[in-house]
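Please keep the sequence and the structure in view while reading.

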Amino acid sequence: EKDRVLYFNNPMWPGEAHSLKVEKILFKGKSEFQEVLVFESASYGKVLVLDGIVQLTEKDECAYQEMIAHLPLCSIKSPKKVLVVGGGDGGVLREISRHSSVELIDICEIDKMVIDVSKKYFPDLAIGFEDPRVNLHVGDAVEFLRNTPEGKYDAVIVDSSDPVGPAIELVEKPFFATIARALRPGGVLCNMAESMWLHTHLIQDMISICRETFSSVHYAWASVPTYPSGAIGFLLCSTEGRSVDFKHPVNPIEKLEGALQHQRELRFYNSEMHKAAFALPCFLKREVSCL
Ligand code: PUT
């Protein structure tokens with residue numbers, strides 16, 4: 001912290017830093033897994049930071065939460081059982097709750113401090129935990145998935161932090177294999193997949209692993225100004241079974257009963273944004289094979 005500005009730098013984006021002006025530090029703590037910080041910023045509302053990396057701000061969280069939830073759930077008809085890995089702030093749960101077809105939402109978050117801090121400082125996200133369809137499991141997702149019955153879920157959403165610290169195992173092959181096993185035939189995975197500007201090697205590795213495990217793999221992205229480079233990607237994968245055309249939502253949000261009349265308006269996602277998210281720049285198509 002210098003002149004009440006926080007600078008975020010990390011080996012995941014060497015040679016650059018992004019910064020936010022701090023109005024007030026609201027919480028600083030160290031959990032069993034990571035350092036947790038919440039502050040009021042001058043221009044993006046409250047900010048949640050884990051191990052020095054911005055996870056969300058009140059101003060732009062809508063883009064990430066809405067896209068990571070609705071890209072998969074609007075790509076299949078009538079999703080019923082959904083698993084969220086990570087997502088302890090509750091924002092993804094809030095978005096899943098727009099889908100009236102969903103009967104069960106399991107969430108496995110490793111760090112209880114993230115949940116507690118979100119409930120205190122980010123009620124607009126943590127409201128997601130109030131949905132009666134939500135079952136919270138605090139623990140290791142790798143272990144949770146190992147004990148999950150085969151074919152249980154229609155969709156799995158991995159809302160993890162970056163693959164440093166507690167999320168390191170979440171970009172490795174055994175993890176994706178347990179997800180594929182937990183999905184029904186034709187079920188879908190949406191996995192946070194970093195920045196195309198900064199992490200083409202990591203994206204390539206994730207895509208290569210997923211191609212060995214899933215029958216289709218696609219990359220989509222959205223603009224989130226407070227994430228490094230201002231962009232975040234999503235890997236969309238489906239298991240063998242009924243084929244999934246991710247690029248053309250078969251379950252459009254505009255036609256879902258109650259989805260737009262939710263307690264909170266959609267701010268970012270719509271069917272146009274869904275289709276546009278799969279348009280990829282030339283450099284990414286060149287640098288990452290199979291896109
Ligand atoms: N779950 C938040 C993702 C952060 C990516 N840097």
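In which helix does Ile115 lie? Ile115 lies in helix H3; helices (H or I, at least four residues) and strands (E, at least two) are DSSP runs, numbered from the N terminus. The model is predicted, with local features needing pLDDT of at least 70 and side-chain atom pairs counting only at pLDDT 80 or more, while totals for chains, interfaces and linings use all residues. Residues are numbered from 1 along each chain as its sequence is written, and side-chain values use heavy atoms, with hydrogens and water left out.

- Leaving aside neighbours within four places in sequence, Ile115 is in contact (heavy atoms within 4.5 Å) with Gly88, Glu109, Phe129, Leu136 and Val138.
- The C-alpha atoms of Ile115 and Val138 are separated by 9.4 Å, and the two residues are 23 apart along the chain.
- H3 spans residues 112-121, and its buried residues are Val114, Ile115, Val117, Ser118 and Tyr121.
- The cover over these buried residues includes strands E2 (18-30), E3 (35-41), E4 (46-50), E7 and E8 (134-138), together with helix H4 (123-126).
- At the start of H3, a side-chain oxygen of Asp111 comes to within 3.1 Å of the backbone nitrogen of Met113.

**Nonpolar cores**

- A nonpolar core is a set of buried Ala, Val, Leu, Ile, Met, Phe, Trp, Tyr and Cys residues joined through side-chain atoms within 4.5 Å.
- The largest such core has 44 residues, and Tyr64, Met67, Ile68, Leu71, Ile96, Phe234 and Leu236 have the most contacts inside it.
- Elements that each supply at least two residues of this core include helix H1 (61-73), strand E10 (183-192), strand E11 (216-223) and strand E12 (231-238).
- H1 gives the most to this core, with 8 residues.
- Apart from this core lies another, of 41 residues, among them Trp13, Leu104, Ala182 and Leu189.

**Strand E12**

- E12 is largely enclosed by the rest of the structure, because 8 of its 8 residues are buried.
- Ala231, Gly233, Leu235 and Cys237 point one way from E12, and Ile232, Phe234, Leu236 and Ser238 point the other way.
- In a regular strand the side chains alternate between the two faces of the sheet.
- E10 and E12 run antiparallel and are joined by 5 bridges; two strands pair if DSSP finds at least two bridges between them.
- Met192 has Phe234 of E12 as its bridge partner.
- E11 and E12 also pair in the antiparallel sense, over 8 bridges, with His218 opposite Leu236.
- Contacts of Phe234, not counting residues up to four places away in sequence, include Tyr64, Met67, Ile68, Leu71, Cys190 and Trp221.

**Helix H6**

- H6 (residues 173-182) has Phe175, Phe176, Thr178, Ile179, Ala180 and Ala182 buried.
- These residues pack against E6, helix H5 (141-146), E9, E10 and helix H7 (200-213).

How values were computed: Buried < 20%, exposed > 50% of the residue type's maximum accessible area, 1.4 Å probe, protein only. Polar contact = N/O pair within 3.5 Å; in protein donor to acceptor, adjacent residues only side chain to side chain.
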